[in-house]
Amino acid sequence: MGADRIKVLLVEDDADSRELLAELLEFDFDVVTASDGLSGLRAFESAHPDVVVTDESLPGLTGTELARRVKARSARTRVILVSGYTQVDGAEHCDLMLRKPIDVERLSSAVGRLGAEARHWPGDDARQ
């Protein structure tokens with residue numbers, strides 16, 4: 001992983017969607033994936049991503065619960081919630097919510113913008 005590239009954690013339980021989105025995001029970002037909420041939390045703690053992209057409907061932990069836990073550990077980390085629903089309880093823990101089906105260009109643009117914000121976070125929990 002290049003130190004200058006934005007680090008992304010993609011949490012998606014559908015293997016085909018996860019692989020496709022990861023492949024597309026890897027053109028511009030360093031991507032780590034997880035297949036459920038609990039493995040997503042473990043991956044967050046080991047990878048220290050700038051941006052977490054998470055589906056809402058996950059086994060183990062929902063995307064919004066994952067977002068809440070991520071924000072409690074690192075306020076600088078940005079979270080993008082992906083859902084087929086227009087309203088999601090707990091979405092206030094996320095920085096952005098995108099509706100399915102995902103527009104990959106919009107997602108990539110949002111990851112870039114939010115990743116840059118995370119890297120310029122003035123807090124003391126910024127990571128190398």
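Pro101 is found in the loop between strand 5 and helix 4, where helices (H or I, at least four residues) and strands (E, at least two) are DSSP runs numbered from the N terminus. The peptide bond that leads from Lys100 to Pro101 is cis, with omega near -5°. Most residues other than glycine have a negative phi, and most peptide bonds are trans. A positive phi, near 50°, occurs at His48, a residue other than glycine. His48 has its place in the loop between helix 2 and strand 3. Its relative accessibility of 31% makes His48 partly exposed, given that buried means under 20% relative accessible area, exposed over 50%, and partly exposed in between (1.4 Å probe, protein chains only).

The model is predicted, so that local features need pLDDT of at least 70 and side-chain atom pairs count only at pLDDT 80 or more, while totals for chains, interfaces and linings use all residues. Residues are numbered from 1 along each chain as its sequence is written, and side-chain values use heavy atoms, with hydrogens and water left out.

A salt bridge is defined here as a side-chain nitrogen of Lys or Arg within 4 Å of a carboxyl oxygen of Asp or Glu. Lys100 is partly exposed, with a relative accessible area of 36%, whereas Asp55 counts as buried at 5% relative accessibility.

By this rule the count comes to 10 salt bridges. Side chains of opposite charge can pair when their charged atoms come close. In the pair formed by Asp50 and Arg119, the closest N and O atoms are 3.1 Å apart. Asp50 is buried, at 5% relative accessibility, and Arg119 is partly exposed, at 34%. A further salt bridge joins the side chains of Lys71 and Asp95 (2.8 Å, N to O). Here Lys71 is in helix 3 (residues 63-73) and Asp95 is in the loop between strand 4 (78-83) and strand 5, the two being 24 residues apart. Asp95 counts as partly exposed because its relative accessibility is 34%. Through salt bridges that share partners, Asp50, Arg76 and Arg119 are joined into one network.

Glu19, located in helix 1 (residues 15-25), counts as exposed because its relative accessibility is 53%.

Surface patches were also identified. They are made of residues with over 30% relative accessible area and no salt bridge, like charges being joined within 9 Å and nonpolar side chains (Val, Leu, Ile, Met, Phe, Trp, Tyr) within 5 Å. Accessible areas come from the Shrake-Rupley method with a 1.4 Å probe, and for residues only the protein chains shown count as cover. A patch of negative charge on the surface gathers Asp13, Asp14, Asp16, Glu19, Glu23 and Glu26. Lys and Arg count as positive and Asp and Glu as negative, while His and the chain ends are not counted; the place of a charge is taken as NZ of Lys, CZ of Arg, CG of Asp or CD of Glu. Leu20, Leu24 and Phe27 make a nonpolar surface patch of about 320 Å². Phe27 lies in the loop between helix 1 and strand 2 (30-34) and is exposed, with a relative accessible area of 66%.
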